[in-house]
Amino acid sequence: MSTGRLGELLVREKLISLQQLRQAQEEQRRGGTKLGYALAKLGFVSDGEITNFLSSQYRVPAVDLTDVEIEEELTKLVAREVCERHTIVPLLRKGSNVTVAMADPTNLNAIDDIKFLTGYNVNVVVASETAILQCIEASYSSPESYDEMLSEFDEDEVDFVEETGEISIVELEKEAAGAPVVRLVNAILLNAISKGASDIHVEPYEKTLRIRYRIDGVLLNEMEPPAKLKNPLVSRLKIMSSLDIAERRLPQDGRIKLKLGGGREMDFRVSVLPTSYGEKVVLRLLDKSNLQLDMTKLGFDAEPLTNFKWAIDQPWGMVLVTGPTGSGKTTTLYSALSEMNKSTTNICTAEDPVEYSLQGINQVQMHDEIGLNFAASLRSFLRQDPDIIMVGEIRDFETAEIAVKAALTGHLVLSTLHTNDAPSTISRLLNMGVEPFLITASVNLVLAQRLARRVCKDCAQPVTLDPRVLADLGVDADNAPPGQAKKGAGCKVCHDSGYKGRVALYEVMQFTDPLKEMVLQGASTSELKAAAIKNGLNTLRMSGIAKIMQGMTTPEEVMRVTMGD
């Protein structure tokens with residue numbers, strides 16, 4: 001079924017409006033996905049509703065692919081590339097018939113292909129596109145275990161290179177291109193995608209090589225291949241990233257792009273760092289299809305979201321987002337930019353690096369080595385007739401000074417800083433050398449944030465909180481917000497961790513006139529914080545307590561990611 005045909009049918013049956021269809025088609029073009037995925041992502045119609053609609057429309061049975069495991073015999077019968085090309089998955093073979101789940105039951109080309117390739121008659125059932133792609137990923141990715149792959153390496157195939165030894169680049173390229181190395185690297189990358197990792201760490205030590213994944217903000221051991229594989233494995237990653245495998249003394253940065261099924265693309269930002277025992281490689285996974293740009297779904301409570309939207313709707317001034325590395329600052333800024341991205345606005349961003357490409361926004365990648373830094377970009381932006389400017393990070397006085405001046409001359413400036421909470425951001429600007437009167441005149445709002453692991457929905461169980469736990473969080477049991485705390489028991493979906501995904505905790509401080517007056521009078525950070533709380537500021541800890549009582553996260557997570565105040 002063509003995209004237009006599906007959209008037309010859904011509108012005709014009043015499952016979606018024409019305006020929602022147009023929004024979904026725009027999302028589809030922007031993300032390179034299919035229409036059903038775009039509709040589900042925007043929340044207009046669920047995967048299940050689309051599946052049931054197609055089932056009744058074409059009188060084809062609908063199936064739920066949750067926990068379905070495809071037999072190895074079927075994965076050999078129908079190749080992965082065929083499944084991905086047609087968004088199908090084989091489910092059952094009986095006699096001379098094979099049952100195939102399809103996202104589009106009208107795709108006669110797919111049915112003909114299966115008949116030709118297998119020689120069997122095809123029975124069609126319908127399932128959601130998302131479920132089929134997940135089923136393909138689970139059934140076809142890395143059928144071998146790491147141990148099976150490692151067993152194929154000959155002991156004499158790769159030698160450990162001493163510090164003083166010379167490395168033959170030709171030999172290294174040959175080893176890196178060897179089938180076992182290629183398969184091992186592919187398995188590491190694909191397993192990271194399937195487990196929802198945000199980073200992959202490849203770490204060489206004297207006698208071991210360690211692979212770790214960062215999943216929901218926590219680093220977990222994945223495997224430990226023999227140390228002799230460190231050079232071929234790192235070389236393979238450098239070849240894929242178009243880096244110089246002969247250069248082992250200097251840090252290098254590159255990028256890998258993988259094409260997955262269903263038109264999905266995954267980018268890996270690669271950083272190579274020379275260490276005592278070889279080169280450490282860290283890969284950051286950038287999945288645009290999972291980029292959440294809807295602010296209402298990020299974790300904002302109603303009042304902080306209203307305040308934040310007020311600040312980004314101002315014609316000029318500064319909005320600052322603070323928090324440690326990996327706390328979701330970039331996602332929050334991208335969400336704000338997405339909200340403000342209209343044909344009537346000129347948006348310029350200076351980023352290091354540009355993580356996601358956003359249609360309609362002028363994004364500039366920093367190159368310090370040639371003098372293109374945040375300060376230089378900001379100066380150029382001011383000659384580009386901008387309405388909105390986003391600076392990846394305010395790191396020094398020069399950048400801060402230009403950003404403040406831009407905010408005072410009719411531009412809306414968004415940026416990030418590394419501070420612990422919202423009130424201490426003001427002190428950080430003062431310590432950089434920005435004058436108090438410039439800060440009070442330019443800053444509209446400061447937002448601090450953290451990411452806490454979310455309780456797994458599949459194994460969440462109600463729990464009663466110990467009053468001592470609430471006391472440690474700074475809340476009296478009698479004054480705790482209403483709700484039901486939950487904890488994950490551990491299941492296959494969350495890899496027995498009890499957590500799946502993350503939720504943001506926000507501390508939104510509007511820079512009101514009383515707070516500005518205090519800054520001009522030289523008030524300390526603690527005095528500013530006390531005054532902000534008195535005026536209704538919800539701290540990160542308070543935001544975390546509310547999320548606990550909503551069953552979204554746990555006291556342990558809130559303790560881990562927030563300050564003890």
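Figure 1. Residues are numbered from 1 along each chain as its sequence is written, and side-chain values use heavy atoms, with hydrogens and water left out. Of the 565 residues in the chain, 48% are buried (under 20% relative accessible area; exposed is over 50%, partly exposed in between, with a 1.4 Å probe and protein chains only). As for contacts (heavy atoms within 4.5 Å), residues 24 or more positions apart make up 65% of those with a separation of 6 or more.

Figure 2. Mean pLDDT, the predictor's confidence in each residue on a scale from 0 to 100, is 85 for the chain, and 90% of the residues reach 70 or more. Go carefully around residues 155–167, where pLDDT stays under 50 and the model has 14 contacts beyond four places in sequence. Where pLDDT is low, the predicted coordinates should not be read in detail.

**Figure 3. The seven-stranded sheet.** Here's an open sheet with mixed pairing, in the order β12-β11-β13-β14-β10-β15-β18; two strands count as paired if DSSP finds at least two bridges between them. At the edges sit β12 (362–365) and β18 (499–510), each pairing on one side only. From one strand to the next, the twist averages 20 degrees. Strand β15 (residues 443–455) runs antiparallel to β18, and 10 bridges join the two. Arg453 has Arg502, in β18, as its bridge partner.

**Figure 4. Two helices on the sheet.** Helix α22 (residues 540–549) packs on the sheet, touching β15 and β18, and its direction makes about 140 degrees with that of β18. Axes here are lines fitted to C-alpha atoms, for helices over the stretch in contact, and angles run from 0 to 180 degrees between N-to-C directions. Helix α14 (residues 329–340) lies across β10, β11, β12, β13, β14, β15 and β18, and it runs at about 170 degrees to β14.

Figure 5. Which residues of α7 (residues 108–118) are buried? They are Ala110, Ile111, Ile114 and Thr118. These residues sit on the same side of α7 because they cover an arc of only 100 degrees around the axis, the arc being that of the directions from the helix axis to the C-beta atoms. Covering them are elements including α5 (72–77), α6 (80–86) and β1 (88–94). On the face turned away, look for the exposed residues Leu108, Asn109 and Phe116. At the start of the helix, a side-chain oxygen of Asn107 comes within 3.3 Å of the backbone nitrogen of Asn109. After α7 comes Gly119, with a positive phi near 80 degrees.

**Figure 6. Helix α21 and what it packs against.** In α21 (residues 525–534), the buried residues are Leu528, Lys529, Ala531 and Ala532. They fall within an arc of 165 degrees seen down the axis, so they line one face of the helix. Their packing partners are α17 (422–432), β18 and α20 (513–520). Ser526 and Lys534 are exposed on the face turned away. Gly536, which follows α21, has a positive phi near 110 degrees.

**Figure 7. Leu233 and its surroundings.** Leu233 belongs to helix α12 (residues 230–240) and counts as buried, at 3% relative accessibility. Not counting residues up to four places away in sequence, Leu233 touches Val181, Leu184, Val185, Ile188, Val202 and Leu209.

Figure 8. Most residues other than glycine have a negative phi, and most peptide bonds are trans. Lys14, in the loop between α1 and α2, has a positive phi near 60 degrees. Thr87, in the loop between α6 and β1, has a positive phi near 50 degrees. Buried or exposed? Lys14 is exposed at 73% relative accessibility, whereas Thr87 is buried at 2%. The Asp352 to Pro353 peptide bond is cis, with omega near 0 degrees, and Pro353 lies in the loop between β11 and β12.

Technical notes
Helices (H or I, at least four residues) and strands (E, at least two) are DSSP runs, numbered from the N terminus. A polar contact is a pair of N or O atoms within 3.5 Å; within protein, one must be able to donate a hydrogen and the other to accept it, and residues adjacent in sequence count only if both atoms are side-chain atoms.
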